[in-house]
Amino acid sequence: MKNIRWTFLLVSVLIVIGIGFYYIFMNHMPQYAEKGVLDFHRVEWPENGYIELNVEWEFYYGDFIEPGKFNEKSTRYIKVPGIWSRDVEGETYPVKGFGTYRLRLVNIPKESEAALKKTSIRNASRLYVNGELLAEDGRVSETRKGSIPGNQPELVFFRVSEGEAEIVIHAAN
């Protein structure tokens, strides 16, 4: 009975230490994108790998903004992936609605073929790269009645030029 208690205590302590190391490691991962800009001076363009876009994106709740037509003064930021009910500044939004996400890629070191994997954007979305509509899942609308759900994973391919690129997502739920 005494051995079981010591074993349980030892396992519990090891689990707590493991969780602590995990959070310390996660909090010290390099931030290569902030305020809606992924700067390739801070990260190498992978030859045979990928870059997760799980970073801070620009966010415009209640507005479908067309690529290339952004007004910087009303910019908010939101962590992706996640729900849009609260942005990084603490502003809250209704869970149901529509909005625009934007991520700018800057200092791209060379012209490259690229792919973007969309996993889950609830419930309908349009995905643009450099103003070109590359994927549409369901139908986005400013009203619930006009929206048609669609939430299928998708892989799109495109070419990025040396310099800059813009990814814009319209989402509605």
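**Aromatic contacts and charges over rings**

In this predicted model, Arg102 sits over the face of Phe70, 4.1 Å from the centre of the ring.

A search of the whole structure finds ten aromatic pairs. One of them joins Phe59 and Tyr93: the ring centres are 5.5 Å apart and the planes stand at 80 degrees, over the 60 degrees required, so the pair counts as edge-to-face. This pair links distant parts of the chain, 34 residues apart, with Phe59 in strand E3 (residues 56-61) and Tyr93 in the loop between strand E4 (76-79) and strand E5 (98-108). Phe59 is buried, at 1% relative accessibility, and Tyr93 is buried too, with a relative accessible area of 14%.

Tyr61 and Trp84 form another edge-to-face pair, because their planes lie at 90 degrees, with the ring centres 5.5 Å apart. Here Tyr61 belongs to strand E3 and Trp84 to the loop between E4 and E5, so the contact ties together parts 23 residues apart in sequence. As for accessibility, Tyr61 is partly exposed at 26%, whereas Trp84 is buried, with a relative accessible area of 6%.

Definitions and conventions
Residues are numbered from 1 along each chain as its sequence is written. This is a predicted model: local features need pLDDT of at least 70, side-chain atom pairs count only at pLDDT 80 or more; totals for chains, interfaces and linings use all residues. Side-chain values use heavy atoms; hydrogens and water are left out. Rings of Phe, Tyr and Trp (its six-membered ring) pair if their centres lie within 6.5 Å; planes under 30 degrees apart count as stacked, over 60 as edge-to-face and the rest as tilted. Helices (H or I, at least four residues) and strands (E, at least two) are DSSP runs, numbered from the N terminus. Buried means under 20% relative accessible area, exposed over 50%, partly exposed in between (1.4 Å probe, protein chains only). A charge sits over a ring if NZ of Lys or CZ of Arg is within 6 Å of the ring centre and within 35 degrees of the ring normal.
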